[in-house]
Amino acid sequence: MPKFYQLSRKERLEQLVAEGSIDENDANYLLANHVLPDAIAGHLGENQLGQFALPFGIARKLVVNGVTRNVAMVGEEPSVVAAASNGARMASAGGGVSVTIPAHTVAGEVVFAGVADPQAAVALIRAREDDIWDAAAYAHPSIIGRGGGLKEVTVAAIADFVKIRLLVDPQAAMGANMVNSIAEAVAKMVSGWLKQASLLAILSNYSDDPVVGTVDIPVAAVATKNVDGRTIAARIAQASAFGQLDVERATTNNKGVMNGIEAATIAIGNDYRAVGTAAHAYAARTGSYQPLTRWTTDGAILHGEIAVPLQLGVVGGATAALPLAQIAMKLGKIATVADAQAVLAALGLVQNLAALRALVGPGIQSGHMALQAGALAIAAGARDAEIGELTRQLQDTDKTLATAKKLLAIMRTRK
Ligand code: MEV
C-alpha cells in the first residue's frame with residue numbers, strides 16, 4: 001500500500017474524503033483551485049493537497065537609495081499594504097529611505113559535546129585550520145570562483161562543548177544549503193580528529209550585522225487631517241521612546257515592522273521564518289527586547305532609523321520556482337541580495353511610520369475597520385457584485401457581522 005506522500009494529489013484528496021476529514025466539495029475546491037503547475041507545487045511541499053492562496057499586492061512608489069520601487073507583498077491583513085503605500089508616500093517627501101548593507105555572510109556552527117579536554121580539542125582544531133578551508137572549498141567548489149565561500153573560521157570551548165564557527169559568503173543565495181553542506185563536511189572531518197561524532201552541524205539564523213535604513217522627513221509630510229506635522233512628529237518620537245522602555249510596546253512595534261518585511265519576504269519566495277527569527281533575536285541582543293526602529297525629531301525633521309538583519313537570497317530555493325516571486329523581484333527592481341535587503345529594510349521602516357502616525361493620530365481602528373469591511377461582507381455571505389456594494393454600505397455602520405448580514409438580507413430583498 002503506497003504511503004500518503006506517494007499518492008497523487010487526487011488520490012490524497014479521495015483518501016481524506018474517505019476518512020471523513022473533508023467532504024467532496026472541499027476536495028473539488030482543492031483540486032480545481034490552483035495557480036501553480038502541479039509539478040512545481042508537488043516539489044515545494046510534501047503531502048500537497050492544494051494551494052493556499054493569499055492576496056499578492058504592491059506597496060506603491062517606495063523610494064530606496066534613490067530608486068522608486070513597487071514592493072510586492074503577500075498577506076491576509078488588508079491594512080498592511082495600504083499602510084506601506086502611505087508610509088512610502090510620506091518617506092518620499094524626505095527623498096526616500098537610504099540603506100546601507102553589511103557584507104552578506106551567514107554563519108554555520110559545528111558542535112561537539114561532552115569533550116573530555118575542550119581546550120586541547122580547540123588547540124588541535126586551530127592547528128589544522130588549513131584542512132578546514134580545504135574541506136569547505138571541496139564541499140562547494142563553484143562558489144570560490146564567484147568570490148564567495150568560507151571567509152572566517154573561529155573555534156571556541158563553551159563549557160564541555162567545542163564550537164567551530166564557519167562564516168560563509170553565499171553570494172546571491174540565502175546560504176542555508178551552502179552553509180549546511182560546508183558545516184557537515186567540516187563536521188565529518190573534525191570528528192575523525194577528535195575521535196568522536198559531532199553533535200550537530202547547521203547554519204545559524206542569528207546575525208548581529210544589520211541592514212540599516214534611515215529617513216529624514218519634513219514634519220509637514222506627517223500631518224493628519226486634524227493635527228499639524230510638528231505635533232504628530234513629536235508624538236511619533238514619544239511613541240518610539242516608550243517602545244524602548246516597555247517590552248509590550250516594543251513587541252507590537254516590531255510586529256508592525258514585520259508586517260511589511262515578512263509580507264515582502266514571502267512575495268520574493270524567501271524564508272520568512274528565518275527572517276522573522278533573526279529580526280527578533282537581533283531585537284533582543286542586549287538582553288532587553290528593543291524596537292527595531294527609532295524615531296526622533298528636532299521640530300522641523302522627523303528622523304527614522306531601522307536596523308534589522310536580513311538573510312535573503314535571489315537565486316535558489318523557491319525564488320526561481322515560483323513565478324510570482326520572479327514577478328515580485330521585477331516589480332521591486334531587485335537583482336541582487338543587496339537590493340532585496342535594501343527594499344525590505346526600507347519597507348519595514350515606512351510600514352512602522354504609517355502605523356505610528358495612525359496610532360498617535362486618529363488611531364488605527366478607523367482605517368483598519370474600513371479595510372476589514374470587505375472581509376466582513378464575504379463572511380456575511382456576500383457574493384460577486386454584492387461584496388463591493390455591502391463593503392460600501394458597511395462603512396458608516398458599527399461593522400459587525402450581524403449588521404453585515406442584516407444589510408445583505410435587505411439588499412437581496414430589493415433585487
Ligand atoms: C497591526 O498589524 C500593527 C500595529 O499594531 C503596529 C504598531 O502598533 O506599531 C498597528
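**View 1. The cavity count and the largest cavity of the predicted model.** With a cut-off of 30 Å³ or more, the count comes to one cavity, where a cavity is a set of points, on a 1 Å grid over the protein atoms alone, at which a 1.4 Å probe fits but cannot get out. The largest cavity holds about 50 Å³ of space, a volume being the space filled by probe spheres set on the points, which are joined across faces, edges and corners. Its lining, meaning residues with an atom within 4 Å of a point, consists of V71, A72, A264, I268, A328, G332, I334 and L344. Seven of these lining residues are nonpolar, one is polar and none is charged; here Ala, Val, Leu, Ile, Met, Phe, Trp, Tyr, Cys and Pro count as nonpolar, Asp, Glu, Lys and Arg as charged, and the others, Gly among them, as polar. This is a predicted model, in which local features need pLDDT of at least 70 and side-chain atom pairs count only at pLDDT 80 or more, while totals for chains, interfaces and linings use all residues. Residues are numbered from 1 along each chain as its sequence is written, and side-chain values use heavy atoms, with hydrogens and water left out.

**View 2. The largest pocket.** A pocket is an open set of grid points with protein on both sides within 12 Å along at least five of seven lines, and the largest pocket contains about 1300 Å³ of space. It is lined by 39 residues, of which L44, I266, G269, A318 and L322 are the closest to its centre. Among the elements that give two or more residues to this lining are α3 (38-44), α8 (176-194) and α10, helices being DSSP runs of H or I with at least four residues, numbered from the N terminus. By class, the lining of the largest pocket has 24 nonpolar, twelve polar and three charged residues.

View 3. The ligand sits in the second largest pocket, which requires more than half of its atoms to lie within 2 Å of the grid points.
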